[in-house]
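Colleague: I would like a close look at one part of this model. Please take me through its pockets.

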Amino acid sequence: MTVDVQVETTIQRPPEIVATFAGDPTNAPRWYANITSVQWRTPPPAGIGSMLDFKAQFLGRHLAYTYEVVELEAGRRLVMRTADGPFPMETTYTWEPVGENATRMTLRNRGNPSGFSRLTAPVLERAMRRATTKDLARLKALLEQDAQST
């Protein structure tokens, strides 16, 4: 069974600010509750072929996986796929302008769990939706708070 979770939010900041911050994997631990660290295997910044090691804790398990950047349209779209990890996963970020100074950010995670994870895919998908929704809310609060302090 395929897991496919897509959530979106509108952030009251221009797309270039949202995309610059959210599209830099180094910032992931600041707004993803479950990601504990990110290490670059290739030199930053992110570009096609960039490789990054992520460590996370999800559903009580410690996870380690490597993402490769496979698509990048600066300020519009970023796609990363697991090169190594518990199961194949693709993460897509998109940023679209909304009005004058706002951005609609969409975050999509999809993959094909295998082994035991395949049997728990419906539970996994619900947990991913809850976590991703909270992560985007955290990102929104962080970026909108930064706007108020500048």
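Which element gives the most to the lining of the largest pocket, and with how many residues?

Modeller: Helix 4 gives the most, with 6 residues in the lining of the largest pocket. Keep in mind that this is a predicted model. The largest pocket has a volume of about 670 Å³. It is lined by 30 residues. Closest to the centre of the largest pocket are Phe58, Leu63, Tyr65, Met89 and Met128. Several elements give two or more residues to this lining. Four of them are strands: strand 3 (51-58), strand 4 (61-73), strand 5 (77-84) and strand 6 (89-98). The others are helix 3 (116-119) and helix 4 (121-148). By class, the lining of the largest pocket holds 21 nonpolar residues, 7 polar and 2 charged.

Now the second largest pocket. About 210 Å³ of space lies there. Its lining has 14 residues. Ala19, Thr20, Gly23, Asp24 and Leu72 lie nearest the centre of this second pocket. Here the elements that give two or more residues are helix 1 (15-22) and strand 4. Helix 1 gives the most to the second largest pocket, with 3 residues. Its lining divides into 8 nonpolar, 3 polar and 3 charged residues.

One element links the two descriptions.

Methods. Residues are numbered from 1 along each chain as its sequence is written. This is a predicted model: local features need pLDDT of at least 70, side-chain atom pairs count only at pLDDT 80 or more; totals for chains, interfaces and linings use all residues. Side-chain values use heavy atoms; hydrogens and water are left out. On a 1 Å grid over the protein atoms alone, a cavity is a set of points where a 1.4 Å probe fits but cannot get out, and a pocket is an open set with protein on both sides within 12 Å along at least five of seven lines; lining residues have an atom within 4 Å of a point. Grid points are joined across faces, edges and corners, and a volume is the space filled by probe spheres set on the points. Helices (H or I, at least four residues) and strands (E, at least two) are DSSP runs, numbered from the N terminus. Ala, Val, Leu, Ile, Met, Phe, Trp, Tyr, Cys and Pro count as nonpolar, Asp, Glu, Lys and Arg as charged, and the others, Gly among them, as polar.
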